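Please take a look at the structure shown here. The text below walks through it step by step.

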Amino acid sequence: MAGAGRGHGNGATNGRSPRYSAWDLARRGLTGEAWPPAWRKHELRPSYDVVIIGGGVHGLATAHYLAANHGITDVAVLDKGYIGGGGSGRNTAILRSNYLTPEGIAFYDRSLELYRGLAADLNFNVMFSQRGHMTLAHNDASLRTMRWRAEVNKLVGVDSEVIDPDEVAKLVPRMDVSSEARYPILGALWHPPGGIIRHDAVVWGYARGADSRGVQIHQNTEVLGIDVVAGRVTGVQTSRGAVSAPIVVNCTAGWSSLISDMAGVEMPVHTFPLQAAVTEPVQPFLDPVVVSGTLHVYVSQTDRGELVFGASVDPFASYSTRGSLEFIEGLAGHVLQLMPSLHNLRLLRQWAGLCDMTPDYSPIMGPTPVEGFYVDVGWGTYGFKAGPVSGEQMAACIATGATPELIAPFALSRFAAGELVGEKGAAAVGH
Amino acid sequence: MITLSCPWCGPRNVTEFAYGGESGARPDPATATPQPWRRYLYTNANPAGPVTETWLHRAGCRRYLVVERDTTTNEILAIRRPGGAPSTSARHATTGRATEQRP
């Protein structure tokens, strides 16, 4: 399909982003030559082959793989704000694949595989640090679920094992593993391939990769309506004018049901805010990612030394991203139960992102009853770690017109058919 | 901090309440086929704006209440008892709850 090189740029950018290399860095450092933008601005064209709504990691990865794997480059990615301004820039950047159902594990493991090779694929440093992921068990029921998860993981070929409190203490020396704790640690699910990544870099890397292949990224372009004629999508109405397209993909998060409503597609989605917080930077002391489902908290230390805390979603549905005092109070208490020595650490900031929660804690991917209207939504609190594989599989789904096996279990039709993919045991809090 | 005014107990911290989701008419379990039943279970409006929902005063009188709330601001638009609930005095007579706590 045509698309690349149509020359509709706005003049501010006359070339594609160069290949980043040590040589180029040294040369530009010495000569002072400016770096061209990693992605360009464009006038909105009246038509595209594919319009993707939502410029987060899912939308941009879908655009990137449409161009890179399938040669479909006449693609527009529309975002009502700036790219990576939604869930992609608000998550706690934790990656793992130790899910509960074989469907979920296979899917997230493919994502982790893509993440491992992403820096080389995109020629962009995404700072993936595979430092291990630990989920604590504070009671017998959790420990049983951990064993269940470990065994299913091993069966599918994912590295997971249950470890005892002594091993937990070795991996995280500051953890209170004594039996006097309010919620004593009985063991943990240890998942060495898990880790953290720089989420902004993933968004920017995919944006640059897509842009260099001819995809147009349109920021500050809000979708106001979706045109459907006789059960077929024909285009979208935006704040910058109408665009016709035979294929429209909904890659939004908290707003996914509002976007699907525009096409007349009902979604089993509730939008909940998820809050997170970060402390002042301190010297490195915490290597793995530590999660406690019982205490509703997960902790990791960034490369800058800040501790990043996350929790479960707010107790009621909302589109408000205001932080709440209850969240911070609960979070601080729970973190101190795990690591009492952090008591005089100060919080720098807190924020919230919007999560589109589904009844079974699994996503909704693939075609819808409206022909040409695809969804990659319902990503709840676990969307970021699935970005690459979702992009890859959605691109294949759109390009071939057939739903790939990996995402077939996540079809919208599963709710009417009663074939839910229950991932609550591994996805509800355990990031 | 959000305050909800319980129709029976008066203004209380939102942490005393449990969120029950959007209110909707339940299909008749005796006659409903799986399709409308699943639609009732899973599908909802999820609006960005005013919505009518059910809450439970879990750490208080343990009664259900109907809350109208704007989901973009969390502003409470109205709170009332579920339809057909007995009057305040009748309820208070059975629970012994002080009447001056009424909103």
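In this predicted model, the C-alpha centres of domain 1 and domain 2 of chain A lie 29 Å apart. Where are the bounds of these domains along chain A? Domain 1 takes in 22-90, 199-268 and 360-427. Domain 2 consists of 129-195 and 270-357.

Now look at where the domains of chain A meet. On one side, 14 residues of domain 1 take part; on the other, 13 residues of domain 2. Which elements give two or more residues to the domain 1 side? They are α3 (87-90), α9 (256-262) and α13 (424-427) of chain A. By class, this side of domain 1 has 9 polar residues, 4 nonpolar residues and 1 charged residue.

Stay with chain A and turn to its contact with chain B. Here 19 residues come from chain A and 15 from chain B. Four elements of chain A each supply at least two residues to the side that touches chain B: α9, β13 (270-279), α10 (325-338) and α12 (414-417). The chain A side of the contact with chain B divides into 11 nonpolar, 6 polar and 2 charged residues.

Next, chain B itself. Its 103 residues include 2 helices and 6 strands. Along the sequence the pattern is β-β-β-α-β-β-β-α. Of the residues of chain B, 15% count as buried. Take the contacts in chain B with a separation of 6 or more: 52% of them join residues 24 or more positions apart.

Finally, go back to chain A for a helix pair. Helix α2 (residues 57-70) packs with helix α11 (residues 387-400) at an angle of about 55°. Their axes are 7 Å apart.

By class, the contact of α2(A) with α11(A) has 9 nonpolar, 8 polar and 1 charged residues.

Definitions and conventions:
Residues numbered from 1 in each chain as written. Chains lettered and ligands numbered in written order. Predicted model: local features only at pLDDT ≥ 70, side-chain atom pairs only at ≥ 80, totals over all residues. Domains from an automatic or database assignment. Contact = placed C-beta atoms within 7 Å. Nonpolar A, V, L, I, M, F, W, Y, C, P; charged D, E, K, R; others polar. Buried ≥ 20, exposed ≤ 12 C-beta atoms within 10 Å, placed from the backbone. Axes fitted to C-alpha atoms, helices over the stretch in contact; angles between N-to-C directions.
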